Amino acid sequence: MRCLTHTLLRRLSCLSPQCVPGRWSQILSPKQSSLRQSCSTRPGVVTATDVVNYWQKVFETNGIPEAQESSEYIVSFVLGAKTFQSLSSKSLRTPLTAAQQEQIQQLSNKRLERMPVQYVLGEWDFRDLTLKMRPPVFIPRPETEDLVSLVVEEESLMHKKNSGPCFPVSAPHPVILEIGCGSGAIALSLLHKLPQSRVIAMDKEEAAVDLTRENAHRLQLQERIHVLHQDVSYGSAKQLLLWGPVDFIVSNPPYVFHEDMASLDAEILRYEDLDALDGGDDGMRVIKTILALAPSLLKDSGSVFLEVDPRHPDMVKDWLQAHPNLLLVLCAVHKDFCGKPRFLHIQKQSR
Amino acid sequence: MNVPGLFHFASLLREVRAPGWRPWILGQKHFSLPRAPLLQAGGKKNSLNLLGLTEAELEEQFVRGDGPGGQATNKTSNCVVLKHVPSGIVVKCHQTRSVEKNRKIARGILQEKVDLFYKGEESDVFKERRALEKKKQEKKRRAREHLERKKLFKEMQQLDKK
């Protein structure tokens, strides 16, 4: 199959029937008066529930996926809540102000262009943190929340093993390197859960580096993170050893098989950085780069934690066996909350 | 176990919205795995002594669909549906935008419901709710009395003026 460039993929996504460019969405998008008329309760009064139902119908008519969820998130956001379920029954009945309705309209118009909800709202939550989101920086997926749990559990095990009178408890631990930090979701969650940790986060895209730094500042974690603008494929290990060899390397590298890229949703193809997704023909390009670099970056018995495609565990195992000089061993494969093999735990053997 | 007396109590917990049995019910069932946020067996939740739940007794469902998941999907339905198989109690949680947090919250709510189910009035959850309700009634009563006294005082003042 011929290799499709990312610009071509984006253009192709715009040709699908579900894509309605600006003119169409103007025709189909409602005026405020028709919204008021459609409310069955009191005339001229519009509640949160009315607005959610209204926009849900508009989204459905325009073929926007997750019509109800999108509508709920937008309305909740304007009302200062995270989810519709978390709104009190009182706020559900309170009439919306004109300003609120206007804001909802503006946000919904963006959603009508298939903009992902996370970009529409400009923020999203990842575990305990609320992070700023901005296109085209990759939006963290819910599966990745478990990747953080894995690192935290491993640290807890390692810490128990190593603690004692001879272990310098005051030294920063663990030291973590994240490759491909995106919005900073993984790095900042780890810093948040592991108060003694330090993170070196890197990304080849400047927009991602900027966003990670911005989120770090918003969360007051900037003192414990170094964010580097660097491409793992071209840099040297030396620049990454600011704090010496690291305890963990963590990454959610681009792992989509190139042939699968064209079938991704318009939300992804049109707005997200496709380089954050495309892992090459077998989805392994960046995975292999990370593993090849890992031994020069890791302490003995240090670990690499990766999120991957469900087809990768066997492929990675075979590849590591074919490269015994790396002294890396696949010691565990963990499933995601949907039961798919998703996370790899690879350990560096001591010599 | 019948606990009818509970229904008139103000709900401590954020009750999940009655599900409209939306498309999610058609989605695939995904069993939970060891990676799930743990519930202590015989655990304490906020100093309440509640029956512990093990992951083996639970069935979890997510609206993630049949797709490839992971990077290839960007779905925002982070709703978690959690069922306690032995009792049949189901909890649906969409309180936050984080799946991980919703799973934790769902387990907490489910643990309280299961405890109520098996222990009824002996449950710490029941006792706590009843104590809170009593406090509320007591506060109302005192406020009412205070208003009565004020009214009386004002009436007496009027009489004195005459």
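Start with the sheet in chain A: this predicted model has an open sheet of 7 strands there, in the order 5-4-3-6-7-9-8 and with mixed pairing. Select strand 5 (225-229) and strand 8 (328-335) of chain A, and you have the edge strands, each pairing on one side only. From one strand to the next, the twist averages 20 degrees.

Next, pick strand 3 (residues 175-179) and strand 6 (residues 246-251) of chain A. The two run parallel and are joined by 4 bridges. As a reminder, strands of a sheet pair through backbone hydrogen bonds, either parallel or antiparallel. Click on Ile179(A), and opposite you'll find Ser251(A) in strand 6 of chain A.

Which residue does Lys299(A) meet in a salt bridge? The partner is Asp247(A), at 3.0 Å, N to O. Lys299(A) lies in strand 7 and Asp247(A) in strand 6 of chain A, so the pair ties together parts that are 52 residues apart in sequence.

Move on to the loop between strand 5 and strand 6 of chain A, where you'll see Gln230(A). Is Gln230(A) buried or exposed? With a relative accessible area of 12%, Gln230(A) is buried. Its side chain makes a polar contact with the side chain of Gln239(A) (3.0 Å). Leaving aside neighbours within four places in sequence, the residues in contact with Gln230(A) include Met202(A), Asp203(A) and Lys204(A).

Select Lys204(A) itself: its side chain meets that of Glu205(A) in a salt bridge (3.3 Å, N to O). Lys204(A) counts as partly exposed at 33% relative accessibility, and Glu205(A) does at 30%.

Last stop: helix 4 (residues 48-61) of chain A. Its 14 residues should span 20 Å at 1.5 Å a residue, and the end C-alpha atoms are 20 Å apart, which agrees. Among its buried residues are Tyr54(A), Trp55(A) and Phe59(A). Just after the helix, Gly63(A) takes a positive phi of about 70 degrees.

Conventions
Residues are numbered from 1 along each chain as its sequence is written. Chains are lettered from A and ligands numbered from 1 in the order in which they are written. This is a predicted model: local features need pLDDT of at least 70, side-chain atom pairs count only at pLDDT 80 or more; totals for chains, interfaces and linings use all residues. Side-chain values use heavy atoms; hydrogens and water are left out. Two strands pair if DSSP finds at least two bridges between them. Axes are lines fitted to C-alpha atoms, for helices over the stretch in contact, and angles run from 0 to 180 degrees between N-to-C directions. Buried means under 20% relative accessible area, exposed over 50%, partly exposed in between (1.4 Å probe, protein chains only). A polar contact is a pair of N or O atoms within 3.5 Å; within protein, one must be able to donate a hydrogen and the other to accept it, and residues adjacent in sequence count only if both atoms are side-chain atoms. Contact means heavy atoms within 4.5 Å. The expected span of a helix is 1.5 Å times one less than its number of residues. A salt bridge is a side-chain nitrogen of Lys or Arg within 4 Å of a carboxyl oxygen of Asp or Glu.
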